[in-house]
Amino acid sequence: MPKSNSFQPGKHFLQIPGPTNVPDRVLRAMDYPTIDHRGPEFAEIAKRVLDKIKLIFKTSEPVIIYPGSGTGAWEAAIVNTLNEGDKVLMFETGEFSTKWWDIAEKLKIKGDFVEGDWRTGADPEIVEKKLKEDTNKEIKAVFVVHNETSTGVASRIGEIRKAMDNANHPALLMVDTISSLASIDYKHEEWKVDVTVGGSQKGLLLPPGLSFNAISSKALEAYKNSKLPKSYWDWKPMLDNNKNGFFPYTPVTNMFYGLDEAINMLLEEGLENVFARHKRHAEATRLAVKAWGLEILCKNPEEYSNSLTAVMMPEGHDADALRKVILDNYNMSLGMGLNKIKGKVFRIGHLGDFNDLMLSGTLAGVEMGLAKAGVPFKKGGILAALDYLSK
């Protein structure tokens, strides 16, 4: 039997929901000598990228690019807009919404953290109700994870914006798009989002290393009154330097080459085509899961993620044991269940640089793995997916 630490021929299937497969075009773009980040050549690249990235967020407003992970961009969203003791409204939709809340608590932000079952998204009706009840306008911001990477649940940001408008409440809207940006349609400006958090390692086709804050004019006004300590994450020196294509500290220069090429690829395909492709692959995956007789973790079809699908294991069977069987025998990595759902689910990533044949191989690996691991299921999931993909 093959072992995960021994040589296995062929391509490794990286089907976790991020980091995702990096296209050859992006890798080749990054394989370029490092240049002076204070020189004119880099300034030209940076100004071009800072302008083009707005198209991905669907905004005409500034986008700040940090050297760092999405976790840092979470912190940046808070320290640039809020003050110690401010009250915020947040929703427990999974592991990453919980971690964002943990950061807020450490920064001495007070909050109403609406508990959840990790199977549903942020409820627009609850948003509207709580904001209408907040007659003194103490809630300064609403935080929502657009697509919960840990659960495969996508919250309805457009409806949440309508709920905030219905409540006629001035709270800022903060949204995490780390596993939805460039995979699921997102409209920063139309939805009047004040800070959108993003990361490079998923739909943006890059390795980890860059994070983003897309910011509104309202957020910039909030910045003027924010007294939370900030240095590395401070918006002002970033925006001041970015005007001329520079940064207040060393940027990840080679990642900018990759980001430039990745944006080119997304625009060549067309963003609406990118979203349609993700939706199609997600639907094929869900058809396979249902044909296997297994349950999708996300309860509400209107909240199904098009980036990933979290699949529940039958009672008495461990998801991590299944993942190990699949890795050892078929050289494929699937996402693990995190925290409350550890061992209870496995996650199939179907986002980024991905096509029909890659999805077919992924689902074949899962079906063979279920059989080899002795997990009770019905055969035919891969056929259901192929029938759908062949239409």
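## Serine 333 and its surroundings

Leaving aside neighbours within four places in sequence, S333 is in contact with H12, F13, L14, Q15, I16 and L327, where contact means heavy atoms within 4.5 Å. The side chains of S333 and H12 are joined by a polar contact of 2.9 Å. A polar contact is a pair of N or O atoms within 3.5 Å; within protein, one must be able to donate a hydrogen and the other to accept it, and residues adjacent in sequence count only if both atoms are side-chain atoms.

S333 belongs to strand β13, residues 332–336. Helices (H or I, at least four residues) and strands (E, at least two) are DSSP runs, numbered from the N terminus. With a relative accessible area of 18%, S333 is buried. Buried means under 20% relative accessible area, exposed over 50%, and partly exposed in between, with a 1.4 Å probe and protein chains only.

## Basis of the model

This is a predicted model, in which local features need pLDDT of at least 70 and side-chain atom pairs count only at pLDDT 80 or more, while totals for chains, interfaces and linings use all residues. Residues are numbered from 1 along each chain as its sequence is written, and side-chain values use heavy atoms, with hydrogens and water left out.

## Histidine 146

H146 is located in the loop between β5 (139–145) and β6 (147–148). Its relative accessibility is 4%, so H146 counts as buried. A polar contact of 2.9 Å links the side chains of H146 and S180. When residues up to four places away in sequence are not counted, the residues that H146 touches include V153, A154, V175, D176, S180 and Y186.

The axes of helix α2 (residues 40–57) and helix α9 (residues 253–269) come within 10 Å and cross at roughly 40°. Axes are lines fitted to C-alpha atoms, for helices over the stretch in contact, and angles run from 0 to 180 degrees between N-to-C directions. The two helices α2 and α9 are therefore oblique to each other. Angles under 35 degrees count as roughly parallel, over 145 as roughly antiparallel, 65 to 115 as roughly perpendicular and the rest as oblique. Residues of α2 that make the contact include F42, I45 and V49, and those of α9 include F256, Y257 and I263.

Helix α3 (residues 70–79) and helix α4 (residues 95–106) have axes that come within 10 Å and cross at roughly 50°. That makes α3 oblique to α4. Their contact is made by T71, W74, E75, A77 and I78 of α3 together with F96, K99, W100, I103 and A104 of α4. These residues divide into seven nonpolar, one polar and two charged. Ala, Val, Leu, Ile, Met, Phe, Trp, Tyr, Cys and Pro count as nonpolar, Asp, Glu, Lys and Arg as charged, and the others, Gly among them, as polar.

## Backbone features in loops

Most residues other than glycine have a negative phi, and most peptide bonds are trans. K108 has a positive phi, near 65°, and lies in the loop between α4 and β4 (110–114). At 53% relative accessibility, K108 counts as exposed. W118 also has a phi near 65°; W118 is found in the loop between β4 and α5 (124–133). With a relative accessible area of 2%, W118 is buried.

The peptide bond from G18 to P19 is cis, with omega near 0°. P19 lies in the loop between β1 (13–15) and α1 (24–30).
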